[in-house]
Every structure is written in C-alpha cells, then in structure tokens.
Amino acid sequence: MDEPKAYQWAFDGSPADVNPHGFMFSVGIYQWIPKTSGKGLKKSKTIRVQGYVMEAARAFEKAAELCKLFNEKDVRAQKPPKWLQKQYSVPKPANLVLEPLDQWAKKLGQPSEPGVYLERFSNDLPGNKVRAVRLKVMERKLIPQGFIKAEGGTYVREQNDQIHLIDFQPNRWGHDYTINIGFHYTFMPGFWRAALGRIREFRELDCAIHDRLHHIVMGRDIWFKYGHDVTTLEAVFEKNANTCLSVFDEQSDRWIDPRCWLDDSFADIKKWRVESILLFQCCIALHLKMQSKAEQLLTELRKTFLHPAEQHAEHYRRDFNRILGQVTGDRKFRI
C-alpha cells in the first residue's frame, strides 16, 4: 500500500471483506489530515457510502469515484463545501424487494418491528420501466380523449362542465399498482388544494367524488402486478384505460345536471365516495343560485363545526370558506 499523503482522500477494504450473510453495509471514506503535533497523519471523520451486500462492488466503485472527485477538487474535510454530503448510497438492486417486517408481524398478531425489512428477490419489471410503459399506453389511449398528464400517475380532463381524473397509484414498495378515479365540476375549486380553473393542479383528493376504480366496477379493490413482460403489461394498461373511459361515459351523462346531487335519495350519494356531501351540495346550490336551498345547506354545514368531537373545526371552516368564496366569487364569503 502506498504511503498516504496529506489531504488525500481514501477508503479501506474491498468487496471480498464484506460479510456475505448481511444485507446492507457501508464503506467509510476519509481524508488524511496532519496531526496537530505536526508529526504524521490521521484519518478525518468518515463519509459513508451505503451499499447492498448482493452487489457490494458497486459501493466500492462509488467510494473510489468519490475519492477521485474530492481529490481533484481539493476538498477539505475540516472545511467541507456545501455540496458535500455526510452520506451517499448506490441504487437498490433491480430484483431486490423490501417488505416491512412489521406488516407481516401485524398479520400474525406478533409485536411489530418498525424499520426492519424482509428482503426477497423478484424478476418484476422495475418501476421506471413500468412508468415508461404507462406513459406510452396513455399517450395513445387517454391523451386523444382530452386528458392531460398531471403530476405523478395522474391524468385529468374537462368535459361537459365536469372534471374527470384517473390516478395510477403504485404500491409504496413497488411491484403492483391500483387505480383511483375522481369526478368534480368545473365551477368549484378543488377540495384539497387546486384553485378554480387550474385543472393541471388536480389530484384525487381535490375531487368531490372519488373512489378506487374497481370498487365501483366490481365492488372490491384490485391491485395489478407489474409482472416481467412488457407486452403483457401494455395490454393490462390498455384494459385499465378502456375501463376508466367506459365508467366516465356512463357516469358523466348521469351527472351532467348537477341538480341530481341535491336530491338526498339519489342512489349515487351512497354508491360513490362523496367528499363532504354538505359542502358539495352547497357549492352546487350557490352556483345554480338556489338561495333557499343554499341557506338550508349552509345551516347544516355550520352545525358540523359546533360538534364537540370536531377537533379541527377552525381548519375546516377556513378551507370551506375558501372553496365557497371561489364558487360565489366573493372572496370574503364566510360560513
């Protein structure tokens, strides 16, 4: 081993030194700095490179790459530049699946262990490949139908004074996805954060009416596997898009006149998940200038803030004032 030089960055070890029975490990990068006595060198505090045992070489390659960069830029550990991180990492191996162990513990009725993972291997398509397939299919199926691409896996369009939303929601741990759909009217702002008229800002929670697609179609939730074949996944995405479009075609005709929602016997109020039915009905009545009905609904809405169990009453009041104010055009509107 060459004699270290002052301010040289280095690391110790090699892939052969890594415990093969482990899961993750780290490589420490350090700088040789002069001792205060002036005699010899010592190691600085380390910067860690997190890696996976099954691909240990990648962590050491990353460590070597960083050492070369730090040496070229004359980085000093005692006066680090702002861009220097305390920790670096390499990407998770494509076929490694991490499942939180506490989820399995709960199923088995055992004490949970948050932060502990069970690793297994899978040949499923990686998330970036699935996203590319979805974008390709929806460009062909949804964009010609008036949808625009919004944030994440969300697509949204305006049609017949309605807002239609489709959201492809991936599992937090990858390997499968589900689909949420939402309806809203263009004369009211989003119920979460989207402002009036800003359709690209819409998310599922902005929609007054939203649910899992297959809760509506089949009465139960369905998650679709990524699988390992691109052609098969394309066909699944195409079927998903066709199902969404058929639901919108059927429901948009039923809901083209918003007055239907002011009838409490309207079956869809119970069938669909309607976010704050009183607020939704108030928006409709105010928009249609049905003053008597609007006052009746506002009275009922005010009562919800007086309930002793409602801990977030003031938060909801402010949010409802914002929404109703945009519907009426009166920014000073107060419930």
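A residue is called buried when its relative accessible area is under 20%, exposed when the value is over 50%, and partly exposed in between (1.4 Å probe, protein chains only). By this rule Arg203, at 12% relative accessibility, is buried. The structure is a predicted model, in which local features need pLDDT of at least 70 and side-chain atom pairs count only at pLDDT 80 or more, while totals for chains, interfaces and linings use all residues. Residues are numbered from 1 along each chain as its sequence is written, and side-chain values use heavy atoms, with hydrogens and water left out.

Of its 335 residues, 41% count as buried. The chain exposes about 19300 Å², and carbon and sulfur atoms supply 50% of that area, as given by the Shrake-Rupley method with a 1.4 Å probe, where for residues only the protein chains shown count as cover. Among contacts (heavy atoms within 4.5 Å) with a separation of 6 or more, 57% are between residues 24 or more positions apart.

Side chains of opposite charge can pair when their charged atoms come close. A salt bridge here is a side-chain nitrogen of Lys or Arg within 4 Å of a carboxyl oxygen of Asp or Glu, and the structure holds 13 of these. In one of them, the side chains of Lys43 and Asp12 meet at 2.8 Å, N to O. Lys43 belongs to strand β3 (residues 41–43) and Asp12 to the loop between β1 (9–11) and β2 (24–34), so this pair ties together parts that are 31 residues apart in sequence. Both partners are partly exposed, Lys43 with a relative accessible area of 41% and Asp12 with 38%.

Another salt bridge joins Asp221 and Arg212, at 2.6 Å from N to O. Here Asp221 is partly exposed at 30% relative accessibility, whereas Arg212 is buried at 19%. Asp268 and Arg254 also form a salt bridge, with their closest N and O atoms 2.8 Å apart. This pair links distant parts of the chain, as Asp268 sits in helix α6 (residues 268–271) and Arg254 in helix α5 (residues 230–254), 14 residues apart. Asp268 is buried, with a relative accessible area of 3%, and Arg254 is partly exposed, with 39%. Salt bridges that share partners also join Glu151, Arg193 and Arg203 into one network.

Arg203, a member of that network, is found in the loop between β11 and β12. A polar atom of the Arg203 side chain lies 3.1 Å from the backbone oxygen of Arg200. Leaving aside neighbours within four places in sequence, Arg203 is in contact with Ala150, Glu151, Leu165, Trp192 and Arg193.

Asp206 has its place in the loop between β11 (176–185) and β12 (209–212). Not counting residues up to four places away in sequence, Asp206 touches His184, Gly190, Phe191, Trp192, Arg193, Ala194 and Glu201.

Turning to the cysteines, a disulfide is a pair of cysteine sulfur atoms within 2.5 Å, and the count comes to zero. Cys207 is buried, with a relative accessible area of 0%, and Cys260 is also buried, with 17%. Two further cysteines, Cys282 and Cys283, are among the buried residues of helix α7. Eight of the 11 residues of α7 (residues 277–287) are buried, so this helix is largely enclosed by the rest of the structure.

Backbone angles complete the picture. Most residues other than glycine have a negative phi, and most peptide bonds are trans. Lys289, which follows α7, has a positive phi near 60°. Lys289 lies in the loop between α7 and α8 (291–304) and is exposed, at 66% relative accessibility. Asn160 has a positive phi of about 55° although it is not a glycine. Asn160 is found in the loop between β9 (154–159) and β10 (162–170) and is partly exposed, at 41% relative accessibility.

Methods
Helix = DSSP H or I, 4+ residues; strand = E, 2+ residues; numbered from the N terminus. Polar contact = N/O pair within 3.5 Å; in protein donor to acceptor, adjacent residues only side chain to side chain.
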